[in-house]
Amino acid sequence: VFPYMPGSGSEGFRGVSVFVGLLVSLGAASAIANVIAGVVITYMRPFKAGDLVKIADAVGDVTGKDLFVVRLRTIKNVDITIPNSLVLANHIINYRSSATTHGLVLHTTVTIGYDVPWKKVQDLLIAAAQKVEGIQAEPAPFVLQTSLDDFYVSYELNAYTDQPQTMARLYSALHAEIQTAFSAAGVDIICDVAVATG
């Protein structure tokens, strides 16, 4: 068709056609990269539909995946579309893949002054975790002392759950029980409760 187009022999037409071809090539490169990444992700199987995952900064349930994109739905019912090339370039955290067999460990940190015995703090944290519906009794919750700072000790509470889809609700309930337990015991939490989800 090209030789029969009006003005096909002119230098201007050739320049424009090369420019258009370059634009198409650049646009196709992105699409092809997504298709290749989609094939790789399909064979890697890092997640499946319904899994709760974190990709880059996005956390949500996988609602679909195809050759071009992965779709997530967040806890706020916001749908996020992520190109497959971006999925492949970032690390993927799957909260659900082993939660039913090994349990997902929820962990949160409180900082308490040196005037409170560490055994009392650990007992209060474990008792608070055991009151949260959705936290497993076995394996039992446990506490780690993660740092000894100038004015306080950092205690990390770790608790198992097999319900990763309710992770946000479980964290909220866990924080509420921690506040209730420490308030009833007359123990002050020096800093805000901090959540780690990775």
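**Reading a patch and a helix**

L88 lies in helix α2 (residues 84–89); helices are DSSP runs of H or I, at least four residues, numbered from the N terminus.

Modeller: This is a predicted model, where local features need pLDDT of at least 70, side-chain atom pairs count only at pLDDT 80 or more, and totals for chains, interfaces and linings use all residues. Residues are numbered from 1 along each chain as its sequence is written, and side-chain values use heavy atoms, with hydrogens and water left out.

Biologist: Is L88 buried, exposed or partly exposed, and why?

Modeller: Buried means under 20% relative accessible area, exposed over 50%, partly exposed in between (1.4 Å probe, protein chains only). L88 has 37% relative accessibility, so it counts as partly exposed.

Biologist: Which residues make the nonpolar surface patch?

Modeller: Patch residues have over 30% relative accessible area and no salt bridge; nonpolar side chains (Val, Leu, Ile, Met, Phe, Trp, Tyr) are joined within 5 Å, like charges within 9 Å. A salt bridge is a side-chain nitrogen of Lys or Arg within 4 Å of a carboxyl oxygen of Asp or Glu. Here I32, I36, V40, M44 and L88 make a patch of about 430 Å², an area from the Shrake-Rupley method. Helix α1 (residues 11–44) gives the most, with four residues.

Biologist: Where do the buried residues of α4 fall?

Modeller: The arc uses directions from the helix axis to the C-beta atoms. In α4 (residues 167–185), the buried residues include M167, L170, Y171 and L174. The buried residues of α4 fall within an arc of 135 degrees, so they line one face of the helix. The face turned away carries the exposed residues S183 and A184.

Notes: Areas by Shrake-Rupley, 256 points an atom, 1.4 Å probe, with all protein chains shown as cover. Helix = DSSP H or I, 4+ residues; strand = E, 2+ residues; numbered from the N terminus. Expected span 1.5 Å × (residues − 1).
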